[in-house]
Amino acid sequence: MDSKKKYEFTSERLGFRNWDLSDIDEMHAINSDEKVMEFFPGIPTKEQTTEFIERMRKQFRDKGFCYFAVERLDNEAFIGFIGLSEQTYEADFTPCVDIGWRIKSREWNNGFASEGAARCLDYALNELKLENVYAIAPKINRKSEHIMTKIGLVKQYEFEHPLLIKNNRLRTCVLYKTKNDIK
Ligand SMILES: CC(C)(COP(=O)(O)OP(=O)(O)OC[C@H]1O[C@@H](n2cnc3c(N)ncnc32)[C@H](O)[C@@H]1OP(=O)(O)O)[C@@H](O)C(=O)NCCC(=O)NCCS
């Protein structure tokens, strides 16, 4: 089978697809890596990873997008996720669609997140025709913020994230967006 057929879309080196329940173990391994989870409040349990994948599959069914499961095209290895997801927590900019990423640490610094995020942003704006895409990260996650600027998003402001309010280290977040038109 043409391996590209299993993907919704591809970039030069990556394929983006819906999730399978068979991804649970590999995603749980990524979620259990303390390096990957440095800027999150905790390490998800296997049940939480399963719930996440089920939520992504539902969002894909309902909306046609999710944080996509990402594979390398050269070896079809699953390397994590990059994609789009609805955010509905209480904030001035929600509800909105954000772009996010989480890559297996062994695959870092190969340009995969930059390449994949640029492709997902193009998909969001030019194929899904979304008007705006947002990106959010704790201010101390400089690497993630760097990806946002690399794909051309524009910093709007810093805010206290309502879901991280009890976490002194993480609660101050940066908000980036495709267009600089916040009223
Ligand atoms: C953030 C993440 C997705 C980046 O993935 P990646 O595939 O290594 O990213 P890339 O290789 O495309 O780019 C990494 C860039 O960050 C830069 N970088 C590396 N360490 C950095 C740091 N501490 N501060 C700022 N920039 C840094 C690299 O130089 C590179 O930029 P360049 O291409 O301009 O040289 C990955 O580290 C990850 O999964 N982190 C854990 C999950 C996470 O934090 N997600 C975001 C939650 S808000």
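Figure 1. Leaving aside neighbours within four places in sequence, Arg 72 is in contact (heavy atoms within 4.5 Å) with Tyr 7, Arg 13, Leu 14, Ala 77, Ile 79, Glu 107 and Phe 112. Helices (H or I, at least four residues) and strands (E, at least two) are DSSP runs, numbered from the N terminus. With a relative accessible area of 18%, Arg 72 is buried; buried means under 20% relative accessible area, exposed over 50%, and partly exposed in between (1.4 Å probe, protein chains only). The side chains of Arg 72 and Asp 74 are joined by a polar contact of 2.7 Å. A polar contact is a pair of N or O atoms within 3.5 Å; within protein, one must be able to donate a hydrogen and the other to accept it, and residues adjacent in sequence count only if both atoms are side-chain atoms. Residues are numbered from 1 along each chain as its sequence is written, and side-chain values use heavy atoms, with hydrogens and water left out. Because the model is predicted, local features need pLDDT of at least 70 and side-chain atom pairs count only at pLDDT 80 or more, whereas totals for chains, interfaces and linings use all residues.

**Figure 2. The shell around the ligand.** The ligand is surrounded by 21 residues, of which Ile 103, Asn 109, Ser 114, His 146 and Lys 150 are the closest; a residue is near the ligand if one of its heavy atoms lies within 4 Å of it. Oxygen atoms of the ligand lie 2.5 Å from a polar side-chain atom of Ser 114, 2.5 Å from a polar side-chain atom of Lys 150, and 2.7 Å from a polar backbone atom of Asn 109. The protein covers 73% of the 980 Å² of accessible area that the ligand has on its own (Shrake-Rupley method, 1.4 Å probe). Two or more residues of the shell come from each of β5 (96–103), α3 (112–127), β6 (134–138) and α4 (142–150). The largest share, six residues, is that of α4.

**Figure 3. The two faces of α4.** Ser 144, Glu 145, Ile 147 and Met 148 are buried in α4. Seen down the helix axis, the buried residues of α4 fall within an arc of 150 degrees, so they line one face; the arc is that of the directions from the helix axis to the C-beta atoms. Their cover includes β5, α3, β6, β7 (154–160) and β8 (172–177). The face turned away from the buried side carries the exposed residues Arg 142 and Lys 150. After α4 comes Gly 152, with a positive phi near 90 degrees.

**Figure 4. The buried face of helix α1.** Within α1 (residues 24–31), Ile 24, Met 27, His 28, Ile 30 and Asn 31 are buried. These residues fall within an arc of 155 degrees when seen down the axis of α1, so they line one face of the helix. They pack against α2 (46–63), β4 (78–87) and β5.

Figure 5. Most residues other than glycine have a negative phi, and most peptide bonds are trans.
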